Structures are given as structure tokens and as C-alpha cells.
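Work through these exercises with the model open. Try each task before reading its solution.

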Amino acid sequence: NVLNTLQTEFVAGIFDKNQTAALQNIVQNQISSADRLAIYRNNAFSNLRGALQSIYPVVNKLVGADFFDQAANEFIRATPSSSGDLHDYGEAFAGFLKSYPPASHLLYLPDVAKLEWCCHRVFHAADHGGLDLKKLGTIPPEQYGELRFDLHPASALLSSNFPTLKIWQVNQDDYKSDQSVELNQGGNHLLVCRDDHFAVRVEALSSGDYAFLNALREKNKLEVAAERGLSVDEKFDLGASLQRWVAQKILVDCGL
């Protein structure tokens, strides 16, 4: 297929993987083939950098614009977009930062990027109503342990060995409290969710609640999720946790 070949070679030229083939198919006039290709390359990289900047503002703020742009350019070359929707681009950025040599001393940075990706995806996720309590009422009590729950599509869970929540908070434009962060103060279990007004909220979880919700997210039965919560937190209260997450519309559906 000639068109497919031309398109493949052009994309390779844009992302510096093989310019030779692309240049052979670009007409030279008052502008050279290389300069014509560079115009497309600059536009493509600018659009993708802009997408990354909008998704990862805290990472950008932590490392500075020059560092971020250089890292973004390397990421774009290694991971071109595979979707026509820029909202889909950038999920692998945290993994890239973890192996990016200039960021090797910033051990917390990949987890900050993971949190920002969660915020981005939660904001754009589908909406869902709360749990239908009438449906829950049709389940015989002796089968409650067999229940499986669905988490709201606009929710995400994240665990970090660093104080990722505090790092994220102090780098928000409206944060007015203590700006200090101690990297050795311990990690976070986090829930990222969206309220009815489409505001994204990040909430710290106990180890029990995190283990419980994460088990449900993995489609485990309620009895297994409860055991996971108790195994890491002897104070975990299944009844209180269920009531809380149903009321907050984190648990939105259930079934056997």
C-alpha cells in the first residue's frame, strides 16, 4: 500500500527515527525538504509538549520549564502518540521519568507524575450514578460475602513510598499552608475522585481502606476485600468503610 508506506515514512521522519525515506518524498521548492519536515516536526512536538504540560503541571513546576521540555522531547521521540485524542497521551510519562538519567536523583518524581495522570484521567472519565440500594436489598444476607463491587469510573487509587500528596498540595496555586516537605516522613495511600461539580479531589486513605478498595477494584469478593483490609489494619471497620464509600459514590454498583 503506497499511501500507508508514505505515511509510515513521514511519521518516522517527524520523530527522528528515519528522515532519509521521508525527505525523498517531500517536494523542494523555495524551502528545502529538510526545512519542510522540520516545520511539521516542530508543530507535532509543540502540540505533544503542550499536552504533557497541561497534564503534568506539578512535575513541570518541580523541575523547571527547560528541564521539562527536554524530558518531554525525549519522551515524545521514544513514545509517539498512538491516538488522535491528546487526552490519551502521556500515561507512560511516569515510567519514562523513572528511567530518565537526568531525573535519577528525583526519586519521588515518577510518583508525582502518576498522581497527576490519575487526576487527568479521573477528570475526563465517564460519569456514573450512586449505588442502587434497592438492588443491594435484593441480595440475601447470607450472600453478602460473595458480592463484588464496581468503583466509580472517575476514581483511581495510588500508593507511594513518598509524601506524594503533600508534594502535590504545596505546588497547587491556591495552597496557603505550610510549604515544607520532608521526603522521609513516609508514604501515602491515595484516592483520586471527582465530585458532582467535576472538581478532582485527592484524599489520603488508611492502609485498611486502601487495601479494601484496591481489592474491590481488582474484582475480588467482599469477604476477600474485607480480609485484605483487616490484614494490614486491625482497626479496619468493614461496615463503616462500606457506608462511607457508598455515601461518597465511590462504590457505584454491585452484583454476585
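**Exercise 1: a helix pair**

Task: find which residues of H3 and H5 meet.

Solution. Phe45, Leu48, Arg49, Leu52 and Gln53 lie on the H3 side. They meet Phe68, Asp69, Ala72, Asn73, Phe75, Ile76 and Arg77 in H5. Contact means heavy atoms within 4.5 Å. Helices are DSSP runs (H or I, at least four residues) and strands are E runs of at least two, numbered from the N terminus.

Next, sort by class. The contact of H3 with H5 has seven nonpolar, two polar and three charged residues.

Then take the geometry. H3 and H5 pack at an angle of about 115 degrees, and their axes are 10 Å apart. Axes are lines fitted to C-alpha atoms, for helices over the stretch in contact, and angles run from 0 to 180 degrees between N-to-C directions.

The model is predicted: local features need pLDDT of at least 70, side-chain atom pairs count only at pLDDT 80 or more, and totals for chains, interfaces and linings use all residues. Residues are numbered from 1 along each chain as its sequence is written, and side-chain values use heavy atoms, with hydrogens and water left out.

**Exercise 2: the core**

Task: find which residues touch the most other members of the largest nonpolar core.

Solution. Tyr56 and Val59 do, in a core of 43 residues. A nonpolar core is a set of buried (under 20% relative accessible area, 1.4 Å probe, protein chains only) Ala, Val, Leu, Ile, Met, Phe, Trp, Tyr and Cys residues joined through side-chain atoms within 4.5 Å. H7 gives the most to this core, with eight residues.

Key:
Buried < 20%, exposed > 50% of the residue type's maximum accessible area, 1.4 Å probe, protein only. Nonpolar A, V, L, I, M, F, W, Y, C, P; charged D, E, K, R; others polar.
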